[in-house]
Amino acid sequence: MGDRSEQDGGCTGDDSEPACHCQGSRLLVLLGPLRKRTERDKLVKDDATGAFRVDDSTMYLAQHWALEFYAAQRAKGAHIHMLGYDAPSGDPNDVRRPMVPQKAAGAAETVLLNGNATQLAATEWSWSVQDVDFLDTTLPSCCCFFTEVMIVFHGHQAGAYRFIETSLRQLLAGRPVEKLVLWTCTSSDRFSPAQTNNAYQHLGWLVRPKECGCGCLVDRCHAFDPDCKPRHCPDGKTPTTILTSGETNGKAVRLGLDPRNPNPLSSPDGRLRQITVQPDGTTAAGEQITAQMGQAGATFFDALTCGIDPTLLPGGVVGQPDPAAVKKYADKNLVPSAVKKIPGKEQNYVGGKTKANTHILINKAAIKEALAAIKAANDDDRPAMEGQLFRELLEVLLHEASHRKAIIDGTHLNGAQEEDRNTTALIERLIDLLKKLKTNLPTAPESGKLALGDGEGLKNEDIAKWIERLRDVVKGEKGYRYRKVGGALPPWSGKQRHIRRKLDEFKRKLAEIKNDGSKNADQKRAAAQAALDAFNSDVSADKTALQQEFDVTLDFGFDQTTFEPTANVAPTDTYKGAAIP
C-alpha cells in the first residue's frame with residue numbers, strides 16, 4: 001500500500017477512489033447473564049424485600065454501568081457502539097439478536113444483588129433488541145477500525161472465548177483493533193500461553209496489527225478517531241495492546257466492576273497484565289506476543305482508570321510479594337508466544353459495501369465500463385442504461401451526504417437506524433426537488449420540452465425523462481428501506497418475520513396439495529386458493545401496517561402450475577399518503 005505512486009493517484013487495484021474519511025470507533029461488548037430473572041415469562045421478585053431477582057449480580061451491575069458510560073460518551077459526541085449478549089448458561093441465546101442501546105429512559109429499580117436489595121438509578125438510555133441477518137453487518141460499515149474494544153464477561157463463562165473467536169470475530173469482520181480490553185475474572189487461568197485451549201494465541205492473531213481495509217493511502221486519508229479528531233487510518237505497523245487481569249503478589253487475580261466505587265473498574269493493586277502483539281514478520285514467530293505486568297492506575301477505553309480494590313484478592317493484599325511466586329506466575333503467563341490462526345476463512349472488511357459508509361467509494365473502472373456500454377448501445381436501450389447509472393451514483397452521493405452530516409452532528413446510530421434516517425432523508429430531499437422542478441420549469445413552446453429561463457441551458461435535454469428517473473430513485477429507495485430497515489428495526493422486523501413464518505407454512509401446505517393424488521388439477525387449484533386466502537387473513541394486520549409505513553404493495557400468490565408461492569414487494573407512487581410529484 002505504501003509504495004503507490006503519485007501518478008496513479010494512490011488508487012487501489014480496482015480503481016477505487018483512495019481519499020477516504022474512515023471513522024474510528026470504540027466498541028463495548030457485554031457477555032453473560034444480563035437480565036432480570038424470569039419464570040414462565042414473568043419477572044421474579046424476592047419475597048422478603050420485594051426487589052427484582054437477577055440472573056447474575058455482577059453482570060447486571062455491569063450492564064447498568066455500561067448504559068451510563070454509553071450515555072456519557074454520546075453526550076460528548078463520541079463514536080461508540082455497544083452490544084449486549086445475554087448468556088444465562090454459556091453461549092449467547094442468539095448472537096443475531098444482540099441487545100443495543102436505545103434513546104429511551106430506563107426506569108429506576110430495586111434489584112437483589114448479592115442478597116441485598118439495591119436501588120439502581122434511572123438511565124438516560126435503555127436496551128432494545130436488534131435483529132441481524134449476518135454477523136458481519138451487525139455494526140455499520142462506516143466504522144473502519146476500532147481504537148479500543150472492551151469485552152466484559154466472567155472468566156469462567158462457558159463458551160466465552162469460543163464466542164470471541166467465532167461470533168465476535170465475524171462481527172469485527174477483519175477491522176483493525178488497536179487495543180483490546182478483556183475485563184474478566186480469573187482470566188489469568190483461562191487466558192494464558194500455557195493453556196491448551198489456544199485462546200491466548202488465537203486472540204493475539206485476531207487483533208494483530210493490520211492496516212485499514214478501506215483501500216486508501218495512509219498519508220493521504222482523512223480519518224477520524226472516536227472523538228471525531230483527525231488522524232490517519234491504522235497502517236498495520238503499530239503493535240496492538242491487550243489489557244486483562246494479571247497477578248498480585250504472584251497470585252492470579254480477578255478484576256472487579258462496581259459502579260458505586262469512585263473507579264468502577266479495579267484490580268487488587270491497580271495493575272493490569274499488558275500484552276503486546278507485534279506486526280506480522282517483525283519478530284521471530286515465537287515472540288510475536290509478549291506480556292508484562294503494567295503500572296498501577298493504567299488508563300484505557302477513553303481515560304477510564306483502573307482503581308484499587310484489595311478485597312478482590314482473598315485475604316487482601318498483605319505484605320511484600322513472594323519473589324518465587326511472582327517468578328512462577330511469570331514463567332507460566334508472561335512468556336513470549338506465537339500467534340495462532342483461528343481455523344476458518346479470515347474475515348476481510350474492505351469498506352464501501354453499504355450506503356452508510358463514511359467515504360464515497362466510486363469504482364471508476366465500473367463507471368468507464370458503463371459509459372462505454374451506453375455509447376455502444378442502440379437508441380432504444382440507451383435511456384434505460386443512462387438512467388440506471390444515474391440512479392446508482394445519485395443514491396451513493398446522497399446517502400454519503402446524510403451520513404457525513406450525522407457524524408459531524410454526533411447523531412450517528414446503529415446500522416438499521418442509520419439506514420432509516422439516511423434513506424428517509426434521501427427520499428424527502430428528492431421529493432422536494434421534484435416539486436421544485438415541476439413548479440419552476442416552464443415548457444419551452446418551440447421544443448415541447450421543459451427548460452430553465454430562456455431554455456438555452458437545458459435546450460437539448462428532455463427534462464421529463466430526468467424527472468422520471470428521479471421518481472424511479474424515490475421508488476427504489478422505498479423498496480430498499482422496506483428490505484434494510486423493515487427487516488431489522490422493531491416493530492417492523494417482527495411483522496416481517498411473522499409473514500415469513502406464515503409464508504413457510506403456506507409453502508408446505510402448497511407442497512401437500514401438489515402431492516395429493518386424490519385431487520385433480522382444478523381441485524388442487526381450489527385448495528391452493530383456499531390456503532392463500534387463509535394465509536392472507538393470518539398476515540392481514542402485519543401486511544397493512546408494513547404497506548402503510550413503507551409505501552409499498554405486498555402481493556402474495558401461487559403459481560397455478562408448479563404450486564410454488566409467489567411474493568412481490570412493489571413500491572407505490574405515493575409517499576406518506578401523498579402522490580410522488
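**Note on helix packing, salt bridges and backbone in the predicted model**

1. With a relative accessibility of 38%, Glu-505 counts as partly exposed. Buried stands for under 20% relative accessible area, exposed for over 50%, and partly exposed for the range in between (1.4 Å probe, protein chains only). The side chain of Glu-505 meets that of Lys-502 in a salt bridge, with N to O at 3.5 Å. A salt bridge is here a side-chain nitrogen of Lys or Arg within 4 Å of a carboxyl oxygen of Asp or Glu. Both residues belong to helix 10 and stand 3 residues apart, about one turn of the helix.

2. On the basis of the note: the model is a predicted one, in which local features need pLDDT of at least 70 and side-chain atom pairs count only at pLDDT 80 or more, while totals for chains, interfaces and linings use all residues. Residues are numbered from 1 along each chain as its sequence is written, and side-chain values use heavy atoms, with hydrogens and water left out.

3. On the overall make-up: the protein has 12 helices and 29 strands. These elements are DSSP runs numbered from the N terminus, helices being H or I with at least four residues and strands E with at least two. Of the 581 residues in the protein, 48% are buried. Among contacts between residues at least 6 apart in sequence, 74% join residues at least 24 apart; a contact means heavy atoms within 4.5 Å.

4. On helices 10 and 11: the axes of helix 10 (residues 492-514) and helix 11 (residues 521-538) come within 10 Å and cross at roughly 170°. That angle makes the two helices roughly antiparallel. Axes are lines fitted to C-alpha atoms, for helices over the stretch in contact, and angles between N-to-C directions run from 0 to 180 degrees. Angles under 35 degrees count as roughly parallel, over 145 as roughly antiparallel, 65 to 115 as roughly perpendicular and the rest as oblique. The crossing of helix 10 with helix 11 is right-handed; in such a crossing the near helix is turned clockwise from the far one by less than a right angle, and in a left-handed one anticlockwise.

5. By class, the contact of helix 10 with helix 11 holds 10 nonpolar, 1 polar and 5 charged residues. Ala, Val, Leu, Ile, Met, Phe, Trp, Tyr, Cys and Pro count as nonpolar, Asp, Glu, Lys and Arg as charged, and the others, Gly among them, as polar.

6. On helices 2 and 4: helix 2 (residues 160-172) packs against helix 4 (residues 199-206) at an angle of about 10°, the axes being 10 Å apart. The two are therefore roughly parallel to each other. Tyr-161, Ile-164, Glu-165, Arg-169 and Leu-172 of helix 2 meet Ala-199, His-202, Leu-203, Trp-205 and Leu-206 of helix 4. This contact of helix 2 with helix 4 divides into 7 nonpolar, 1 polar and 2 charged residues. Arg-162 also lies in helix 2 and is partly exposed, at 48% relative accessible area. Its C-alpha atom is 9.7 Å from that of Asn-197, a residue 35 positions away along the chain.

7. On the salt bridges: the count comes to 25 salt bridges. In one of them, Lys-36 and Glu-109 meet at 2.8 Å, N to O. Lys-36 is in the loop between strand 1 (23-32) and strand 2 (38-39) and Glu-109 in strand 7 (residues 109-113), so the pair ties together parts 73 residues apart in sequence. Glu-109 is buried, at 15% relative accessibility.

8. On a salt-bridge network: Arg-26, Lys-76, Asp-227 and Asp-302 are linked in a network of salt bridges. Within it, the closest N and O atoms of Lys-76 and Asp-227 are 3.6 Å apart. Asp-227 lies in the loop between strand 12 (223-224) and strand 13 (230-231), and Lys-76 in the loop between helix 1 (57-75) and strand 5 (80-86), so this pair ties together parts 151 residues apart in sequence. Asp-227 is partly exposed at 25%, and Lys-76 is partly exposed at 47%.

9. On backbone angles: which value does phi of Arg-40 take? Phi of Arg-40 is near 55°, positive in a residue other than glycine. Arg-40 is in the loop between strand 2 and strand 3 (42-43) and is exposed, at 82% relative accessibility. Asp-551, likewise not a glycine, has a positive phi of about 55°. Asp-551 is placed in the loop between helix 12 (540-550) and strand 26 (552-558) and is buried, with a relative accessible area of 7%.
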